[in-house]
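Dear colleague,

I am passing on a structure for you to look at, together with some notes on what turned up in it.

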Amino acid sequence: MKSKWIAIAFVGAASLGLSGCVVNVGDEASDRLDGSHWAKVQDDNREKLTRLNLGMDREQVLALMGTADFSEAYLQDGKEMQVLFYRTQRNHGDGKTTKDECTPIILSNHSLVGWGEAAYAKF
């Protein structure tokens, strides 16, 4: 019985000692500070843009590009328009993504009709 209490005491002490242990696999905070995280996101998004094809449906675009940083939706001449914005360049060193740091992707009735500033200005 005494050895049972010793074992319980040991396990309890060990668990208290281990509760402060942290395993740090990556340092995301430093990535954000030095820009390497955002640089990778931007590079990845620019590479994905090269694989877009006009006429792709909304699901194909989202499967390729992932979640947009910003989005807009509106009706234009009876067509459902959606604009997805993906970060592709850094303009401000404030750690926040703004639309002027993004490339717009334009969907009309759930079909890709263009991307980039010229396409956005047209629609």
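At a relative accessibility of 32%, aspartate 44 is partly exposed, where buried means under 20% relative accessible area, exposed over 50% and partly exposed in between (1.4 Å probe, protein chains only). This is a predicted model, in which local features need pLDDT of at least 70 and side-chain atom pairs count only at pLDDT 80 or more, while totals for chains, interfaces and linings use all residues. Residues are numbered from 1 along each chain as its sequence is written, and side-chain values use heavy atoms, with hydrogens and water left out.

Aspartate 44 is joined to lysine 40 by a salt bridge of 3.1 Å, N to O (a side-chain nitrogen of Lys or Arg within 4 Å of a carboxyl oxygen of Asp or Glu). Both residues belong to helix H3, residues 36–49, and sit four residues apart, about one turn of the helix; helices (H or I, at least four residues) and strands (E, at least two) are DSSP runs numbered from the N terminus. Lysine 40 is exposed, at 52%.

The whole structure holds five salt bridges, and among them is the one between glutamate 101 and arginine 87, at 3.6 Å, N to O. This pair links distant parts of the chain, with glutamate 101 in the loop between S2 (79–87) and S3 and arginine 87 in strand S2, 14 residues apart. Glutamate 101 and arginine 87 are both buried.

Finally, asparagine 109, in the loop between S3 (102–108) and S4 (111–115), has a positive phi near 50° although it is not a glycine, and is partly exposed at 45% relative accessible area.

Best regards
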